[in-house]
Amino acid sequence: MQSLEKSLEQLLAKIPYAGKENLLEVDYIQKLEIDRKVVKITLRLEKKPEDSARIEQAVRESFMALPEVENVFFLYTKPKKTGLESDPGRIVPKKVSLLANFDKVILIGSGKGGVGKSTFSVNLALALKKLGRSVALFDADIYGPSLPMMMGLKSAKPTMTANKMNPLSRYGVEFISIGNLVEEKEAVAWRGPMVHQAVQQLLRDTNFSGGDYMLIDLPPGTGDVQISLAQLTEATGVVVVSTPQDVALIDARRAMAMFEKVNVPILGMVENMAYFSCPHCGKPIEIFGQGGAKKESEEQQIPFLGALPLDPDARIGADLGKPVVLEKPESVIAQAFFSIARELEKLVD
Amino acid sequence: MKPKQIYFKDVLHLVYPKEAFELPYFALRMTCPCAMCVDEITGQRKIDRKDIDPKVHPIDCEYVGNYGIKIKWSDDHSTGIYPFDYLRAVALDLTKTPFSEDCKHHHHGGPHHDHHH
């Protein structure tokens with residue numbers, strides 16, 4: 001036969017708190033004592049007295065239904081870590097995730113390379129920045145880091161403070177990239193465990209100031225880095241960048257399946273290089289076919305965040321380290337970035 | 001899905017909005033999914049129950065990203081990452097066929113047990 005305490009806990013788990021959760025889940029019960037047929041229960045003091053009264057009634061009714069219970073007393077305490085949480089025999093998993101000083105950690109992924117993921121990451125970061133958010137960037141593309149060039153700090157080296165690296169900063173956005181630490185040809189020959197270590201060190205040993213958003217530019221595909229990041233951070237979610245091409249979509253599907261496996265929510269899809277505006281007549285030309293990513297996101301029931309045109313200005317801006325969102329904020333593509341940034345904000349708030 | 005609550009007290013408790021599970025430590029240690037305990041290619045279990053301390057218990061635990069926990073066991077084993085979905089599947093399995101009689105007898109063992117029940 002199970003103990004009375006166990007039965008009472010099970011009853012508490014059936015009482016809803018604020019509609020969604022139950023009393024056991026919200027750290028509401030501070031203490032539960034049983035003295036023969038009398039139950040003494042210590043509850044967290046609620047801001048509204050009517051809430052406490054309602055819960056008290058529900059708990060009393062539920063406990064008194066047991067033949068082992070004759071009376072229930074209620075005590076109240078201010079919320080603090082006492083009772084069940086500090087039970088000495090209890091082990092609670094520790095949170096050890098990195099980048100905890102950011103409100104949201106967003107991964108930017110793609111199924112295959114060359115879809116413009118890094119250009120997207122940089123411009124999205126600057127769009128969010130222009131909307132008034134504090135943003136940082138992390139280049140997780142160990143094999144082909146491109147943030148240093150796109151942020152216009154290709155040969156800059158981070159300085160150190162007490163064994164920690166200070167991130168580089170440009171346009172009001174802090175960032176770090178392996179590209180600023182090792183020579184271009186050095187990183188590509190690393191194997192899995194080294195990559196994991198490099199990512200871990202970069203994340204752990206960089207003095208980011210923290211803020212609203214950390215955007216992480218992933219390498220393409222579903223490899224070691226993605227898994228490392230899924231293990232080391234508590235990512236808010238992933239944005240998948242794809243071109244309308246079928247191949248890119250198949251790979252994007254694979255990438256999404258992997259993120260599902262590690263419980264990183266897929267926030268939405270972005271279609272890059274959706275069309276090219278003819279410089280002569282201004283008509284959109286759909287080079288890679290039409291609306292593939294949009295259709296795919298509808299099929300998979302994930303939000304479609306927006307379509308970006310193939311714009312020479314974006315490419316030139318990326319090469320020169322002058323992102324298009326800052327250089328030509330009125331352009332169609334920059335406006336599309338602002339719209340995607342706003343969509344993203346709605347999703348993660 | 002991430003459990004609403006997860007903690008160790010005599011057994012591993014997994015609390016979901018509409019269900020709750022208890023996993024005995026011995027069963028949990030035996031089902032460690034790491035490459036030292038399971039052959040990565042054949043999926044065959046490489047540890048024998050005879051080699052595992054019947055009183056094995058966790059001494060530390062960390063979250064792994066959004067999807068699981070890493071357990072440090074009293075026998076110094078700590079390489080296993082248990083995804084939440086895996087834990088739930090093991091728990092469901094155990095409710096169907098309890099792991100075995102001997103783990104039932106032993107899961108209340110270990111220094112963390114207190115007898116106030």
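Reader: Which residues does A:Gln335 touch, not counting residues up to four places away in sequence?

Author: A:Gln335 touches A:Pro329 and A:Glu330 (contact: heavy atoms within 4.5 Å). This is a predicted model, in which local features need pLDDT of at least 70, side-chain atom pairs count only at pLDDT 80 or more, and totals for chains, interfaces and linings use all residues. Residues are numbered from 1 along each chain as written, chains are lettered from A, and side-chain values use heavy atoms, without hydrogens and water.

Reader: Is A:Gln226 buried or exposed?

Author: Buried means under 20% relative accessible area, exposed over 50% and partly exposed in between (1.4 Å probe, protein chains only). A:Gln226 has a relative accessible area of 2%, so it is buried. By contrast, A:Gln335, at 35%, counts as partly exposed.

Reader: Which backbone oxygen lies 2.8 Å from a polar atom of the side chain of A:Gln226?

Author: That oxygen belongs to A:Gly221. A:Gly221 is also among the residues in contact with A:Gln226, including A:Met258 and A:Phe259.

Reader: How are two packed helices described?

Author: The description uses the angle between their axes and the distance between the axes. Here the axes of helix 3 (residues 117–130) and helix 11 of chain A come within 9 Å and cross at roughly 75 degrees. Helix 3 of chain A is therefore roughly perpendicular to helix 11 of chain A (65 to 115 degrees). Among the residues that meet there are A:Phe120 and A:Leu124 in helix 3 and A:Phe337 and A:Leu344 in helix 11.

Note on methods
A polar contact is a pair of N or O atoms within 3.5 Å; within protein, one must be able to donate a hydrogen and the other to accept it, and residues adjacent in sequence count only if both atoms are side-chain atoms. Axes are lines fitted to C-alpha atoms, for helices over the stretch in contact, and angles run from 0 to 180 degrees between N-to-C directions. Helices (H or I, at least four residues) and strands (E, at least two) are DSSP runs, numbered from the N terminus. Angles under 35 degrees count as roughly parallel, over 145 as roughly antiparallel, 65 to 115 as roughly perpendicular and the rest as oblique.
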